[in-house]
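The sequence and structure are shown first.

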Amino acid sequence: MEGKIIVVTSGKGGVGKTTATASIGAALALEGNRVAVIDMDIGLRNLDVVLGLENRIVFNIVDVVNKRCNLSQALIRDRRIENLFLVPASQSDNKDVLTPLGVQRVAKQLKSEFDYVIMDSPAGIEKGFENSVVAADEAIVICTPDVSSIRDADRVIGLLYARSITPRLVVNRIIPEMVARGDMLSHEDVMDVLSIDLLGLVPMDDQVVVSTNTGMPLVMQNQSLAGQAFRRIAKRINGEPEIPIQVPTAMKTGFWSKITQKLGLTK
Amino acid sequence: MEKSLVTNEISAVKLRGVGDGFKLTLDPTMPEEVILKEITALFEPLKHLSVNTKVVLDIGNVQGYDNLIRDIKFLLKSRFDVGGVIQHSEKISGVGKDSGSTINHRSNSNKDNSRGWVTDRSDALILTGRVRSGQKIETQSHLIIAGNVNPGAELTAGGNIIVLGALLGQVYAGYPDDEYAFVMALDFRPTQVQIGGVVSIEINSEFVGKPVFATVKDNKIITEDYIKTQPFGKIQWPTVM
């Protein structure tokens, strides 16, 4: 059976595309799928660092598309998670070296070998974005609950619809305490503007920084709330759409709530 | 059978369009039954055009036939809703320009204002769905969006803009210089409004959650609560925009 190509995109930079790609890719692989994560951010590669595979790069996606190597030579196998592979980006080229036709050819090959191919799109809506979405079957739009991110996500959603790709939304970096105080847009506010299917809500989590720096996939850290959210997102992608979407709630940090938590009286 | 009738017989009635009405030329010596039948056959396919139009009846330079004329008038008015039927006479047509003005004057007095919309045309682009950031909609006619307009979206219309939803984008009504155009939205929070040559930024949202109506007054864009102001309440007839 042919696999699916899912592009992770946002329009705006720094909202968590790469973290989401790495986490969803790793989580899908943990579910037993053969997964390839592709870094399409040519010139500014990051996905290898987030996955802790930066020391093992020999060939990259530009080499594969431009036929300087085989696909199998560029695929880097993750040692911790079985069935997770990375095709890194080139750090020395710019985004113009790829052509949509070349990407499509490689995408077809990837599709025949993997269950899921997750493409990490660069920020922006120029050529890099075009190359990332050209072969995509599905799209995940990442957005943070702020106005600028929503505006860019909205633009990207319009562009995806124009290519007949129906995107799904992940709202990232929700700080429930701020939402409760009314200082941050809630996911309902975001949905009001974007009105597309919601795939998941991811809370702000300090573990993301630790995970990015150590190259340890977020979804392998059981105590990470963001990691758990990404595992649920992966399950929804992987044929379990009925898993309920959990809205991040504010943690109680008072003295009594800590005691009652310890005693198991509250969660 | 129908075909042979048309081709073999000389038709008793001829119809042609004149200005904004019709001219019906007929031979009154033919049997009335045939004439009425032929008029019906001619007007039937033009039903949608005949409402409120004027019809000039030309029976040639003959006298009499008042009954026939009365019956034709009755038929045209009752069945095809024409605005008025007047008889063309050599005398009147001989006067030249005056005849035209006479006809116009009389037909206008016969025009049913309450049904003016049946014949007057209005162009509007009606769209449903969400207009997203970066999307531009441009039309020379009026624009109606049944849906929301997101921040960063742009609407430009030669006429009025009506948004049946939240308007958060940028709108330009009456492009390029029609300052009589208006913008209306159920939830009015645009980033910029331009009507004709007047631009308004920093629209204050004093009518949150209410339908708002924006027009140009004294070279400024004024927003009003649509339900409270009822800007169209004073217009007596359904009138085409």
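**Helix α11 of chain A**

Helices are DSSP runs of H or I with at least four residues, and they are numbered from the N terminus. The model discussed here is predicted.

In chain A, helix α11 comprises 13 residues, 225-237. From the first C-alpha to the last, α11(A) reaches 19 Å, close to the 18 Å expected at 1.5 Å a residue. Just after α11(A), G239(A) adopts a positive phi of about 80°.

**Burial of the helix**

Of the 13 residues of α11(A), 10 are buried, and the helix is thus mostly covered. The buried set consists of L225(A), A226(A), G227(A), A229(A), F230(A), R231(A), R232(A), I233(A), A234(A) and I237(A). Elements of chain A that cover these residues include the helices α1 (17-30) and α10 (207-214), together with β7 (167-174) and β8 (197-203).

**Nonpolar cores**

F230(A), one of the buried residues of α11(A), also belongs to the largest nonpolar core, which has 79 residues. F230(A) is among the residues with the most contacts inside that core, along with V35(A), V117(A) and I118(A). Leaving aside residues up to four places away in sequence, I118(A) touches I6(A), V8(A), T21(A), I24(A), G25(A), V35(A), V37(A) and I38(A).

A second, separate core contains 31 residues, including V171(B), Y172(B), Y175(B) and V216(B). In soluble globular proteins, nonpolar side chains tend to be buried together.

**Contact between chains A and B**

Chain B contributes 8 residues to the contact and chain A contributes 7. The side of chain B that touches chain A has 5 polar, 2 charged and 1 nonpolar residues.

Technical notes. Residues numbered from 1 in each chain as written. Chains lettered and ligands numbered in written order. Predicted model: local features only at pLDDT ≥ 70, side-chain atom pairs only at ≥ 80, totals over all residues. Helix = DSSP H or I, 4+ residues; strand = E, 2+ residues; numbered from the N terminus. Expected span 1.5 Å × (residues − 1). Buried ≥ 20, exposed ≤ 12 C-beta atoms within 10 Å, placed from the backbone. Contact = placed C-beta atoms within 7 Å. Nonpolar A, V, L, I, M, F, W, Y, C, P; charged D, E, K, R; others polar. Core = buried A, V, L, I, M, F, W, Y, C linked by C-beta atoms within 7 Å.
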